[in-house]
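Work through the exercises below with the model open. Try each task before reading its solution.

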Amino acid sequence: MKKNLTHKILEAHLVEGRLVSGEEIGITIDQTLLQDATGTLAMLEFEALGLDRVKVQLAAQYVDHNLLQTDNKNADDHKFLQTAAARFGVHFSKPGNGVSHQVHMERFGVPGRTLLGADSHTPGAAGVSVLGIGAGGLDVALAMAGYPYHLTCPKVLGVKLTGRLPDWVSAKDVILEMLRRYDVKGCVGRIIEYYGPGVLSLSATDRETIGNMGTETGATTSIFPSDERTKEYLEAQGRGKDWAPLAADEGAGYDEHAEIDLSKLEPLIAKPSSPGSVVPVREVAGIKVGQAIVGSSVNSSFRDLMVAAKMLEGRRVHNDVNFHVNPGSRQVIENVAQQGGLITFLTAGARVHESGCQGCIGMGQAPGTGEVSLRTFPRNFPGRSGTKDDKVYLCSPETATAAAITGVITDPRDLAKVMSYPAIADPKNYIIDERSIIFPSDSLRNTDIVRGPNIKPLPVLAALPDTLTLEVVLKVGDNISTDAIMPAGNKVLPLRSNIEAISDFVFSAVDPGFAKESRLRGDVVVIGGENYGQGSSREHAALAPRYLGVRAKIVKSFARIHKSNLCNFGIVPLTFKDPSDFDTTMKGAKVVLSDVRKRIERGDREIPVQVDGRTIMTALDVSDHERKHLLAGGTLNFVKEELAK
């Protein structure tokens, strides 16, 4: 039977279930990825399991989010992570070495492997044909402990690529085209598999861009074949021995189909404030720009930075624009420097930053009041930049740099009148620098884990009671992101290892009184609309509300990772059977889930809920594993009970 590439990789790792879309499966995980914003909590969770060493082929911990050391908190967390990584056998990438996705692809990605990452953009690993899946930190901690990862078997969306990209159009425009077609939830429950003759025209880092931002469509992950371009990249990284050819069988089937003729694409841009609000650049051309940024978690490769550098050769950034460059890794900036790109940035007036996420996670680079910012980032959710009522557009390096030169949003094709398109070839041999990665060794096994005063123990979570009596403390609409639930930025991110302190900021941008009111009310419930919990994998958006007393959420639909995180921390995730019940369930309503423990225990998929005395029906669409975790009050409780047995 002819198989697509997705099913080939899943089948090779399948330990539970069948590859039938909609059924639960369990797969072995080869590699794990943590970054510091999620890693502190995940490392505490792994430590709580009482294991001596990680049990995956390769585990890596990156420091790329909380880089600003404005007081002791981030520095203390970095030391905690470094010493814990040494103790448990985890590769540690030091602050400033680079963004997890870029560095992992450079040094560790191997075609055909599975990668589970506590970062929603882990699917960028598709650049080297790795099946990378974003998950909550607790799921990653369990994978580090050797447990399978359980998920609902996705459908496979086959996207056939033909043609090749024209000048001034790049990989960012490919994924923006996917977002134009599917918006931010059109690929929920799907893996996007790219195939066809157009794939060969895309480099490994082009594919990383497409896979990384594919997360914004709601997809579980994305995958590209491993071909000559993959081999070319791995050989240039000194890792040719890791290459293996991988592709779908000729004529393999897909659950759904789409096709993109690359030659017909034009420069695209996502308007504020959603990655799915995509239009051609020409439709918004002429809008005054105050800030432009190239780099961060996506579009931060050698090619992306060198395109910007070549466009700036002999030119200056417009006086009214602040132009920032965020390299994806130390290795990237070293290679850009060797090719003369760094001196070009400096003489053009660009601001070159250390390798890391920077403004993408709201860690600096906030735009001014009313200022339009063009960014090559994957997200532009409201306020994510750090500025209230921000006006953030998402675009390619070509479009961002064109605006930096002209001072207004500009279709980069218009620059053809004054410059040739800088077609950038990746180096035949990269300067390789992994000296800022601390590799596991036996000599580090006895390292003492260093804990600063901000490293607090995990909160104790109670098991699910027989009946839940709750009050609606908040009602929100559609597409609420985890940024809205648990903000990022330099004020909140340093508190990631202190659940008591960080819980004060839950929903602070939506309802500043949420934390205080939740504490006063006792057990509470949140009501939401469609695609609730989209965006980041941050499990703090589940654990911190649980700490405040949120025991259930009732919404129209959930984003995949957030729903899983809710189960991990004992919050019952229910969806309205009749969407009109959303309209009549208001803040302040009394909500009772009678015999909820018994219903979950016996496998009920419909849960009656009393709202101010009337009964509405909700759906509980969770796996058997997740039911056990909900009953225990959370996954960690359940696993520790099992280990004790």
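**Exercise 1.** Find the residue in β27 that stands opposite Thr575.

*Solution.* Start with the elements: strands are DSSP runs of E with at least two residues, numbered from the N terminus. Two strands pair if DSSP finds at least two bridges between them. Strand β24 spans residues 572-576 and strand β27 spans residues 614-619. These two strands pair in the antiparallel sense over two bridges. Opposite Thr575 stands Ala619.

The model is predicted: local features need pLDDT of at least 70, side-chain atom pairs count only at pLDDT 80 or more, and totals for chains, interfaces and linings use all residues. Residues are numbered from 1 along each chain as its sequence is written, and side-chain values use heavy atoms, with hydrogens and water left out.

**Exercise 2.** Describe how β26 and β27 are arranged.

*Solution.* Strand β26 covers residues 606-611. Its pairing with β27 is antiparallel, over six bridges. Gln610 has Thr615 in β27 as its bridge partner. Now look at the turn. The two strands form a hairpin with two residues between them. Asp612 in this turn has a positive phi of about 50 degrees.

Technical notes:
Helix = DSSP H or I, 4+ residues; strand = E, 2+ residues; numbered from the N terminus.
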